[in-house]
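Please read this briefing with the sequence and the 3D structure side by side.

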Amino acid sequence: MEIASDRLIQEVNIPMQDGFGRKIDYLRISVTDRCNFRCQYCMSEKMTFMPKSELLTLEEITLIAERFIGHGIRKIRLTGGEPLVRRDMKDVIQRLGRKVESGDLKELTLTTNGSLLSEYADHLAAHHVQRINVSMDTLDPRRFAEITRGADVNVVLAGIEAAKSAGIRVKINMVALRDFNESDLVPMAQYCARNGHDLTIIETMPLGDVGADRALAHISADEFLKPLSNCYSITPIPHRSAGPARYASVEPLGLKLGMITPLSNNFCDDCNRLRLTTDGKIFMCLGHNAHVDLRSAVRNNGIPAVDQLLRQALKLKPRQHDFNAQLDGSAEILERHMNVTGG
Ligand code: SAM
Ligand code: SF4
């Protein structure tokens, strides 16, 4: 059965390139839009989630991912919402982990809020997840509870420790928020250096109505880094990962610092990714609405039906996002929240 389906994929042979000649080999999968946190820049307090009937089943997610791997996807990141709150995620991790073992997939990773890592760390490590991103915007328990609307930073720190003990490399994602966590950067950088984690700063992106003015919270990475550059020397380094971050080394801390700067320094020329949403849509850009809908195609005609839609999706990829225009009010803010397409 598997051999027949592999042969079919070879016959279909989709060139994984978009209309601008960019090679597309990275798939981000939002496995759920649900989350046990309510980070202020990501969701509104009274967030409504999709009805469960609209979500892809985990079997459908895995089959679509495997089909895409057959067409040349080499890296997969599981995200959400909070990927680890979806029940039975262990099966998905195990099945996609097998693709890493067989060499069909170069890397399987995860972006998580860390709250359930203590429970999942050993399973992730056993199934070839070697690196994960954990989001943590401050180490200060009071400010952490404020930004997440109620979560406990100590639970996240314990989860990170469990991941490290299981042999998983951890990168901390810290969203830069004006007048909120500028003073948290130096302690965060010191914590990361002490524990051997990398650190990435992310500029806020205007996605979905969160009940607050996006422009007020926005701060460029350069400005956000000032307290760190007052204490340490920050030197750009040529290192590149599969993602959009640019890197610097922070000395004498010995810290590798990533910067994701969608607004202050556009990185779309190198974009190599597509995104599968929890309800089965393929978005080719976090900042655009163009998409194809795989769910009904898969349900009506089976997994091979995704091939034609994947071809279409590749043609839909825009040259770049419009976040700056959305932030300054000259373009409409997208209704879709970050948890739907996954960060
Ligand atoms: N729940 C997981 C987590 O928080 O890591 C995975 C999903 S979350 C949407 C993925 C990443 O997107 C996180 O690092 C989060 O901080 C970031 N994020 C969420 N909303 C954002 C926004 N509006 N602008 C920039 N980053 C955002
Ligand atoms: Fe949940 Fe992640 Fe969004 Fe925070 S950023 S609300 S943890 S999905």
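Helices (H or I, at least four residues) and strands (E, at least two) are DSSP runs, numbered from the N terminus. Axes are lines fitted to C-alpha atoms, for helices over the stretch in contact, and angles run from 0 to 180 degrees between N-to-C directions. The model is predicted: local features need pLDDT of at least 70 and side-chain atom pairs count only at pLDDT 80 or more, while totals for chains, interfaces and linings use all residues. Residues are numbered from 1 along each chain as its sequence is written, chains are lettered from A and ligands numbered from 1 in the order in which they are written, and side-chain values use heavy atoms, with hydrogens and water left out.

**Helix packing**

Two packed helices are described by the angle between their axes and the distance between the axes.

*α4 with α6*
- Helix α4 (residues 117-126) packs against helix α6 (residues 153-165) at an angle of about 15°, and their axes are 8 Å apart.
- That angle makes α4 roughly parallel to α6; angles under 35 degrees count as roughly parallel, over 145 as roughly antiparallel, 65 to 115 as roughly perpendicular and the rest as oblique.
- On the α4 side, L117, S118 and A121 make the contact, and they meet A158, G159, I160, A162 and A163 of α6; contact means heavy atoms within 4.5 Å.
- This contact of α4 with α6 has 6 nonpolar, 2 polar and no charged residues. Ala, Val, Leu, Ile, Met, Phe, Trp, Tyr, Cys and Pro count as nonpolar, Asp, Glu, Lys and Arg as charged, and the others, Gly among them, as polar.

*α3 with α4*
- Helix α3 (residues 89-101) and α4 have axes that come within 10 Å and cross at roughly 20°.
- The two helices α3 and α4 are therefore roughly parallel to each other.
- α3 passes α4 in a right-handed crossing.
- M89, K90, I93 and Q94 of α3 make the contact with E119, Y120, H123 and L124 of α4.
- By class, the contact of α3 with α4 has 4 nonpolar, 2 polar and 2 charged residues.

*α2 with α3*
- Helix α2 (residues 58-71) packs with α3 at an angle of about 15°, the axes being 10 Å apart.
- α2 is therefore roughly parallel to α3.

**Ligand surroundings**

- Ligand 1 is surrounded by 19 residues, and the closest are Y41, G81, T112, S135 and M205; a residue is near a molecule if one of its heavy atoms lies within 4 Å of it.
- A nitrogen atom of ligand 1 lies 2.8 Å from a polar backbone atom of M205.
- For G81, a backbone N or O atom is 3.0 Å from a nitrogen atom of ligand 1.
- A polar backbone atom of Y41 is 3.1 Å from a nitrogen atom of ligand 1.
- Around ligand 2 are C35, F37, R38, C39, C42, M43, G81 and N113, a shell of 5 nonpolar, 2 polar and 1 charged residues.

**Backbone exceptions**

Most residues other than glycine have a negative phi, and most peptide bonds are trans.

- D88 is not a glycine but has a positive phi of about 70°, and D88 lies in the loop between β2 (75-79) and α3.
- H128, also not a glycine, has a positive phi of about 70°, and H128 is found in the loop between α4 and β4 (131-135).
- The peptide bond from E251 to P252 is cis, with omega near 5°, and P252 lies in the loop between β8 (246-251) and β9 (255-260).

How values were computed
Polar contact = N/O pair within 3.5 Å; in protein donor to acceptor, adjacent residues only side chain to side chain. Left-handed = near helix turned anticlockwise from the far one by under 90°.
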